[in-house]
Amino acid sequence: MRWVASIDNGQDFFFCDPNSSSPSITDNYVPEGYADAAGEGVVIRLKAFGPYNENAPQQVRLAIRYQAADGTWNRLMINKDADDNPLTSSDEDVILIKQIPN
């Protein structure tokens, strides 16, 4: 099964290669791949364009889409406990990520 990650705030965040020592937006890196039976983990790395600003902290929502056998793309349910956790997004198909101070 093919999968691809996406974010809803590309103005403040970008994906970067988890193996890069100096990630840059010019790398045009997008996490994607194929799910396999081995179930090996995948590292998805995001970087903020700017430093943390406590007066305007940034946030982004991460979603994973997968391609079904019929060729359609669907969002993966990745946040099953969304309604039970007030610190996360209430959507079951996204993970809310908030920028914090270093």
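Which residue forms a salt bridge with D8? R61 does, and the closest N and O atoms of the two are 2.8 Å apart.

## The model and its ground rules

This is a predicted model, in which local features need pLDDT of at least 70, side-chain atom pairs count only at pLDDT 80 or more, and totals for chains, interfaces and linings use all residues. Residues are numbered from 1 along each chain as its sequence is written, and side-chain values use heavy atoms, with hydrogens and water left out.

Some terms come up throughout. Helices (H or I, at least four residues) and strands (E, at least two) are DSSP runs, numbered from the N terminus. Buried means under 20% relative accessible area, exposed means over 50%, and partly exposed lies in between (1.4 Å probe, protein chains only).

## Three salt bridges

A salt bridge needs a side-chain nitrogen of Lys or Arg within 4 Å of a carboxyl oxygen of Asp or Glu. How many does a search of the whole structure find? It finds three.

Start with R61 and D8. This pair links distant parts of the chain, 53 residues apart. R61 sits in strand β5 (residues 59-67), while D8 sits in the loop between β1 and β2 (13-16). R61 has a relative accessible area of 30%, so it is partly exposed. D8 is partly exposed too, at 45%.

Another bridge joins the side chains of R2 and E32, at 2.7 Å from N to O. These partners are 30 residues apart, with R2 in strand β1 (residues 2-7) and E32 in strand β3 (residues 32-34). R2 counts as partly exposed at 29% relative accessibility. E32 is partly exposed at 43%.

## R75 and D93

The side chains of R75 and D93 also meet in a salt bridge, at 3.1 Å from N to O. The two residues are 18 apart in the chain. R75 belongs to strand β6 (residues 73-75), and D93 to the loop between β6 and β7 (95-98).

Is D93 buried or exposed? D93 is buried, with a relative accessible area of 17%. Contact means heavy atoms within 4.5 Å. Not counting residues up to four places away in sequence, D93 touches L62, A63, R75, L76, M77 and I78.

## The nonpolar core

A nonpolar core is a set of buried Ala, Val, Leu, Ile, Met, Phe, Trp, Tyr and Cys residues joined through side-chain atoms within 4.5 Å. Which residues make up the largest one? They are W3, A5, F15, L62 and I64, five residues in all.

Look at I64 next. Leaving aside neighbours within four places in sequence, I64 is in contact with W3, V4, A5, I44, N74, R75, L76 and I78. Two of these, W3 and A5, are core members.

## One aromatic pair

Rings of Phe, Tyr and Trp (its six-membered ring) pair if their centres lie within 6.5 Å; planes under 30 degrees apart count as stacked, over 60 as edge-to-face and the rest as tilted. The structure holds one such pair. The rings of F14 and F49 have centres 5.0 Å apart and planes at 40 degrees, so this pair is tilted.

F14 lies in strand β2, and F49 in the loop between β4 (45-48) and β5, 35 residues apart. F14 is buried, at 6% relative accessible area, whereas F49 is partly exposed, at 42%.

S6, in strand β1, makes one with the side chain of R65 through its own side chain, at 2.6 Å. The C-alpha atoms of S6 and R65 are 7.9 Å apart, although 59 residues separate the two along the chain. S6 is partly exposed, at 22%. Beyond four places in sequence, S6 touches F15, R61, L62, A63 and R65.

N9 lies in the loop between β1 and β2. N9 is buried, at 12% relative accessibility. A polar contact of 2.9 Å joins the side chains of N9 and D12. Not counting residues up to four places away, N9 touches Q58, Q59 and V60.

Methods
A polar contact is a pair of N or O atoms within 3.5 Å; within protein, one must be able to donate a hydrogen and the other to accept it, and residues adjacent in sequence count only if both atoms are side-chain atoms.
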